[in-house]
Amino acid sequence: MNTLLQLCGGYFDMMENRCGNGGEIPKNEMTCFRKATEAFLKSGKKADAFVVYFCFSEIFKLFGSGYENTQKLLETLSDHEYHSGELLSKHRDHYSHSVYVFALGLAMYAHDGKLRSAFDNFYKVTGGEAAEKFLRLWGTVSLFHDVGYPFQLAHEQLKVYAGELWEGGEKPYVSFGNMDGFLKLDDATGKRIRESLKADRTFSSVNELLSYGLQKREGYDFDYVCGKLKTRVERQPKFMDHGYFSAVILAKSLFENDGLVLDAERLDVLTAILLHNSLNKYEIENAHPIELNEHPLAYLLILCDELQNWDRLAYGKASKCDPIAWDVELTVSDDYISARYIFESYSVDDYSDGFLKKRPNKSFNDIQDGDFVKAIKSFIKSDLRLDASAAERTKKKKSYLYASEDNFINLCDFAKAIHASYIKHCLDYNIDHLNCSFAELPLEYKVSNIEQAKSYSYKLELINCFYSSKNLDYPVVDDFNDCRLGNRGARNVEFLAREEHLRWVREKLNLGWRYGTDYKTAEERNCKKIHKSIVPYEALSESEKSKDVLMIRNIIPLLKKFNSGIKIYNYRSGRKEDLVIAGTGHRYFTEDTDPATRNLIKEKIKAILKKYAEEYRVIVRTCYANGADILIAECADELNLTTKAVLPMEYEQHIRDVIGDRQTHGNPMTENEVLHLRHLLALAVVCKVVPDPVYTYYESGKYLIEKCDRLIAVWDGKELPLHDRDNNPINRGGTYHCIDIARKRGLKDNETIHFIDCFR
């Protein structure tokens, strides 16, 4: 079985050749989109889901422009769920859920050849063009299929309120007035739709348009469906269908774009959303299950919407009583899906009769008993073999979460302020100018600013701060250099600038950039994806450092200028403690020469680092010599831990020394290995030089150990002599010497000194 992250990779691999080879989506934009989707599938965070929505909206410009025109739809949904969901009995997140549904569809298109073939044949497209069309249509359907949920929330709130006040008898319910005016299409829009669809009728309302779409795809009677849609909002005492309102809202948003042609494909998007929730399942008399070949988008949305039954935040009271799965493992192939849902426990605590007892988790039981699959198969018709099972596995709880308010309005305002802060005279510009400046950026740079905004919750935590748009009873920060902040005081600006440079380096490497100086213009640099600043912060020119410093200094005044309401607050006490782990070991050992054994060593190192990272902000220091030092630095980087380099000589000289050392030992470094070393050093937030003219690594090794709380040593277990017969020092700066210094400092074997066995 695979993770959804692995399966989605198959779709993005399909798009690799399409981008830049006749496709409409530039390769850089698709890379941004892929990275955003992968980041969300790794974290499940709403802030990461936001970047997926942002990229899709910027690439396809559904409503004539980018994210700004979809912002209200998506943020309203999220805000209403957050503030209203807990008032209901049953309610779960729909914002992140929609991104999971989107990813599921990509995975199925990539790995189910029959589904892919059905979609391609239905829309008469092939190859890369088909994959790109699928992305546009499926992305619109899946990401926007729940935007009408606030209408259902209003209905559910009154129902729950009345039910709590009066247990029996007739109760009031919500109906929506002025729907005829809300749904009306003006003559020009109706005529434009008729011409684009080549229809034999005119359209005076959204309901008529939706009914026409269902008549064409499902064969349902036009007048019957029109009547059914009308009654669904006027006389519904028990249920209000958000699927209907999602289709209506999306349709009205599309019609606001005068240049849009509502063709059959876009109508399929609307009717797929209309059908996904309850209309076809429970409301239409003699309705038939949706078939793949008659309406691929509706079929896939119903299937993915039902399958996405994990990692959904529960808001409603009853929803919290039966937790759903926290993860899923999948197998997808031609006409076959196997899903294993991972639960924390198959039972839950029950206090209903005043005593604590255990009862089966209903969500777990529905999957195990087959009711889950049975329900899905009643909604769609196909030869699909669908297996679902449930398993128990303890979820590692998140600890030390950040207090900053990562809602999406804040992230956008933060991103705009960050972009503006790089402009030298930004504080003199008006807000319209700064908004336009951000809007004109390529997608890669917009996303970069958003990622930078997301990183602020982490950065601020390091100086005991957080941000929020609420008025809170915490000290407000007006200057990052306030000596009361954190334990760095007046050095906070430089500290945050270093952290930002490190984030930027990680981002560039993740997007396929590399260190290089062979360019004359920014255009040539961007084309080659090389950058001279992918180096340690210390190796930056003063002008490059000043850009990051300027950005940090400008953030607070720019947030005020944008009138965003966001304030930086100071905690009254610190948060996660720092723990410095030194890494040392042999430069040459047997396991390092074989990829399999090298990975085994790395897994042991990572296990130690992960354990400490649960409770501490781990900082890993090594001297970046050949062998163990580089290996430990790699592990820290792959876990996104902070690294600091302690070099025995200046940066460029050290790189030459490492290259020469490998040459001397008969194993010359390749060009890629040298580049890898440069990138590792660029990922170090501090690159300190502690020279020693005699023993090379003696002073740097001693500094390393003296500053650490724990030590990881890749060691063969041999205790070498540290003095010769004449009591002269020997073997200084080596692995055993570092271990000896650590022991004398009071670090204990197998407690605060962790040994990784190796052979030489």
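Modeller: Buried means under 20% relative accessible area, exposed over 50%, and partly exposed in between, using a 1.4 Å probe and protein chains only. Here, buried residues make up 55% of the 760 residues in the protein chain. Do keep in mind that this is a predicted model, where local features need pLDDT of at least 70, side-chain atom pairs count only at pLDDT 80 or more, and totals for chains, interfaces and linings use all residues. Residues are numbered from 1 along each chain as its sequence is written, and side-chain values use heavy atoms, leaving out hydrogens and water.

Biologist: How many helices and strands does the secondary structure come to?

Modeller: Helices (H or I, at least four residues) and strands (E, at least two) are DSSP runs, numbered from the N terminus. The protein chain has 30 helices and 17 strands.

Biologist: What describes two packed helices?

Modeller: The angle between their axes and the distance between the axes. Axes are lines fitted to C-alpha atoms, for helices over the stretch in contact (heavy atoms within 4.5 Å); angles run from 0 to 180 degrees between N-to-C directions. Helix α6 (residues 113–122) packs with helix α15 (residues 296–307) at about 150°, their axes 10 Å apart. L115, F119 and F122 of α6 meet P296, L297, Y299 and L300 of α15.

Biologist: In what order do the 6 strands of the open sheet lie?

Modeller: Two strands pair if DSSP finds at least two bridges between them. The order is β15-β14-β13-β12-β16-β17, with parallel pairing. β15 (684–689) and β17 (753–757) are the edge strands, each pairing on one side only.
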